[in-house]
Amino acid sequence: MTTHVTIVGGGLGGLTLARVLHVHGIPAAVYEAEPSPTSRAQGGLLDIHDYNGQLAVEAAGLTDEFRSLILEGRQEIRLLSRDGTVLFKQPDDGTGGRPEVHRGELRQLLIDSLPEGTVHWGHKVAGVRAVAGGYEVAFADGSTVTTDLLVGADGAWSKVRPLLSEATPEYRGTASVETFLYDSDRRFPATAEAVGGGMLLALAPGHGITAHRERDGILHAYVGLARPLEWFDSIDFADTTATTARIAAEFEDWSTALTALITESDTAPAFRPHYGLPIGHRWERVPGVTLIGDAAHLSPPNGEGANLAMLDGAELGIALAAHPDDTEAALAEYEQAMFPRGAETAADGAHMQQQMFGPDAPHGLLADFVAGT
Ligand SMILES: Cc1cc2nc3c(=O)[nH]c(=O)nc-3n(C[C@H](O)[C@H](O)[C@H](O)COP(=O)(O)OP(=O)(O)OC[C@H]3O[C@@H](n4cnc5c(N)ncnc54)[C@H](O)[C@@H]3O)c2cc1C
């Protein structure tokens, strides 16, 4: 079976690419490991930026639908010290360019915008190899497809990446534990007040709590620590009580309004280690294959990854539409813009990680906020 564009991975990057191709009348097939769109919780709020993610939404022809997903007021941002003192607060005055939407709702919008059958759910790619005239994609169930244009949109642990590069993600020295507090205004008013109307950052050297106010008073937090992987390996995450106590002990001298995000979680703390590809990861052009999103330029969370994945998908789709008879020209044009963009964002992200977890926290980030950078 041969498809014009074969996309591995139905995250925000792969789906945006498929949608932009569809807008331009180019058929695509997306092979996604997950069995269905709802088989996994899709994470929390994403701020979609006017300089990258929103450009992709526009290219996808979905701006009105996107606007209907925006959670009003969530662009408020505040920076706290460990004792709960508010060091910086930027209200949401309606003029910001980073509206927040639920990742799952944005993903569903993209899925619904594709022709029926575009996404092949439950197709976990086990490996890819070059064959005469293209690539063979082998699935975990033993089936295969061949294609002359293959796009790896399969995230951090991409199975397509080895066709282009030997790079693999490395642990970047920090990890988060993901927690949720439900009905927080009623049950945990001090914590709800500390998080405020949008996003909270509470920092101290080696420690960083990020939290968002979602719908219905839900507080969604990432409790971050700068510790080696071996330190986390010693925690049995299947034991919720012990894990909570172990993580909370690292925040002993913090305000209880903040530590409630750990100790009172309504969900079992979920471990999210932060990995990255080398900053400036790139490859020589290889005919008929490229990467988008985290597969190309994975970074520790810095608020840009989903935005970049969508912009990559949109720009690749636009380039393919602009060069219908010259796929290589399209891939080269896409990569020429993507490589420096990915490198610059990864470098900014490394700076942000340092400001969040380094010895100057929270004052380094405070200086950046005050300077408007
Ligand atoms: C804790 C955390 C918080 C974050 N917060 C933000 C944020 O606030 N803002 C932001 O912009 N970014 C954020 N990011 C980064 C963002 O999540 C990623 O950069 C973004 O999801 C990348 O999109 P993608 O489409 O490239 O990859 P992914 O979203 O990883 O999608 C890849 C898809 O490929 C599928 N797949 C994987 N392997 C296979 C396979 N072998 N076969 C078939 N399918 C496969 C997966 O199931 C998945 O659906 C955060 C990341 C983390 C870890």
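**Helix 11 and its packing partners**

In helix 11, L308, D312, E315, L316, A319, L320 and A322 meet T327, A330, E333, Y334, A337, M338, R341, G342 and T345 of helix 12, a contact being C-beta atoms, placed from the backbone, within 7 Å. By class, this contact of helix 11 with helix 12 has 9 nonpolar, 3 polar and 4 charged residues. The model is predicted: local features need pLDDT of at least 70, and side-chain atom pairs count only at pLDDT 80 or more, whereas totals for chains, interfaces and linings use all residues. Residues are numbered from 1 along each chain as its sequence is written.

Two packed helices are described by the angle between their axes and the distance between the axes. Helix 11 (residues 305–322) and helix 12 (residues 327–357) pack at an angle of about 160°, with axes 8 Å apart. Helix 11 is therefore roughly antiparallel to helix 12 (an angle over 145 degrees; under 35 counts as roughly parallel).

Helix 1 (residues 12–23) also packs on helix 11: their axes come within 7 Å and cross at roughly 30°. These two helices, helix 1 and helix 11, are therefore roughly parallel. Residues of helix 1 in this contact include L17, V20 and L21, and those of helix 11 include G313, L316 and G317.

L17 also belongs to the largest nonpolar core, where I7, L17 and I292 touch the most other members among 56 residues. Such a core joins buried Ala, Val, Leu, Ile, Met, Phe, Trp, Tyr and Cys residues through C-beta atoms within 7 Å, buried meaning 20 or more other C-beta atoms within 10 Å of the residue's own. Helix 11 supplies the largest share of this core, 10 residues.

Methods. Axes fitted to C-alpha atoms, helices over the stretch in contact; angles between N-to-C directions. Helix = DSSP H or I, 4+ residues; strand = E, 2+ residues; numbered from the N terminus. Parallel < 35°, antiparallel > 145°, perpendicular 65-115°, else oblique. Contact = placed C-beta atoms within 7 Å. Nonpolar A, V, L, I, M, F, W, Y, C, P; charged D, E, K, R; others polar. Buried ≥ 20, exposed ≤ 12 C-beta atoms within 10 Å, placed from the backbone.
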